[in-house]
Amino acid sequence: IIAMRHFKEGAPLVGSQYAGIPVINAGDGSHSHPTQTLTDLLTIKREKGRLDHLTIGFCGDLKFGRTVHSLIKAMSRYEGIRVVLIAPDELRLPEYMLHEIETQTEGAEFREVSTMEEVMPELDILYMTRVQKERFLDEEEFNRVKDSFVLDPSKLRTAKSDMIVLHPLPRVNEITRAVDNDPRAAYFRQVENGKFVRMALIYTLLKWAEGEKLAAVPDLAEGMFIDRSMKCPNSRCISATEDVDPLFVKAGDTCRCAYCEAKIR
């Protein structure tokens, strides 16, 4: 088994085509983080007792936050989910994800706000993220937004008594240490859940691999195709810098890069 974390979006998919053994996506650029999402889902289930009919606020870096992108997609599969996006303009959720949410999700409600205070009383879950300096090409832009949202005890005064605060960690300064002793702070329990989730995932893949002979290069998934006349527009995609097959996926009238999900047309 290979657990692969890479700064290029789509790198684990490329690795899985040639590895001959199971490849776990441990985070690829700003694209996705599936194992963290499994951890988040387990934590929400344990803390709230359900995965449906919840209002979840995502706060901070929604543009580059791969944990946010993955969890939004996962939560959108459940009934009665309301998603509140809390971010400065520079760190708003990418347009391709907003479009995907509007056209492909059923039943989930989404809205964008500029402060956490205005929505705190209605949240069942507050998912905090750090502003990631390594994602910025311009340090001045990073310095302008790095302190945009900081959660402290005063902001929690209007929150529900059973709301939970999640964070994929590590944190910088977006949650003050004074919040750690609040019973609603679930991020350390979330870390423990991550250990169990990843143990279960590795165990499952090992058991599966025992009885399976994996092909060196698996067949393309349904809807995927190679087209050398097209190019992914995302400079952070693995296909922008490495010699890989230009791989795309068709969904209705939309065509996306299979590596990073950037919209082609």
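This is a tour of one protein chain, from the whole fold to single residues.

The model is predicted, so to speak of local features a pLDDT of at least 70 is needed, side-chain atom pairs count only at pLDDT 80 or more, and totals for chains, interfaces and linings use all residues. Residues are numbered from 1 along each chain as its sequence is written, and side-chain values use heavy atoms, with hydrogens and water left out.

**Whole chain**

Start with the protein chain in cartoon view, where the secondary structure comes to 6 helices and 10 strands. Helices (H or I, at least four residues) and strands (E, at least two) are DSSP runs, numbered from the N terminus. Of the 265 residues, 46% count as buried; buried is under 20% relative accessible area, exposed is over 50%, and partly exposed is in between (1.4 Å probe, protein chains only). Contact is defined as heavy atoms within 4.5 Å. Among contacts between residues at least 6 apart in sequence, 66% join residues at least 24 apart.

**Helices α2 and α3**

Select residues 34–48 for α2 and 66–75 for α3; these helices pack at an angle of about 55 degrees, with their axes 9 Å apart. Axes are lines fitted to C-alpha atoms, for helices over the stretch in contact, and angles run from 0 to 180 degrees between N-to-C directions. Angles under 35 degrees count as roughly parallel, over 145 as roughly antiparallel, 65 to 115 as roughly perpendicular and the rest as oblique; α2 and α3 are therefore oblique to each other.

Now show the side chains: P34, Q36, T37, D40, L41 and I44 in α2 meet T67, S70, L71, A74 and M75 in α3. By class, this contact of α2 with α3 has 6 nonpolar, 4 polar and 1 charged residues. Here Ala, Val, Leu, Ile, Met, Phe, Trp, Tyr, Cys and Pro count as nonpolar, Asp, Glu, Lys and Arg as charged, and the others, Gly among them, as polar.

**L42, on α2**

Stay on α2 and select L42. Is L42 buried, partly exposed or exposed? L42 is partly exposed, with a relative accessible area of 27%. Not counting residues up to four places away in sequence, L42 touches N193 and V197. V197 is 155 residues from L42 in sequence, yet the two are 7.9 Å apart, C-alpha to C-alpha.

**The cores**

Select F58 and L93 next, the residues with the most contacts inside the largest nonpolar core, which has 24 residues. Such a core is a set of buried Ala, Val, Leu, Ile, Met, Phe, Trp, Tyr and Cys residues joined through side-chain atoms within 4.5 Å. The elements that each supply at least two residues of this core include β3 (55–59), β4 (82–86) and α4 (95–104). Helix α3 gives the most, with 5 residues. Leaving aside neighbours within four places in sequence, F58 is in contact with V68, L71, I72, V83, V84, L85, I86 and Y127. Another core lies apart from this one, with 20 residues, among them I86, L151, I175 and V179.

**Backbone details**

Go to the loop between β7 and α6 (187–210) and select P170; the peptide bond from L169 to P170 is cis, with omega near 5 degrees. In the loop between α2 and β3, select H53. Phi of H53 is near 50 degrees, a positive value in a residue other than glycine, and H53 is partly exposed, with a relative accessible area of 42%. End in the segment after β10 (254–257), where E261 lies. E261 is not a glycine, but has a positive phi of about 70 degrees.
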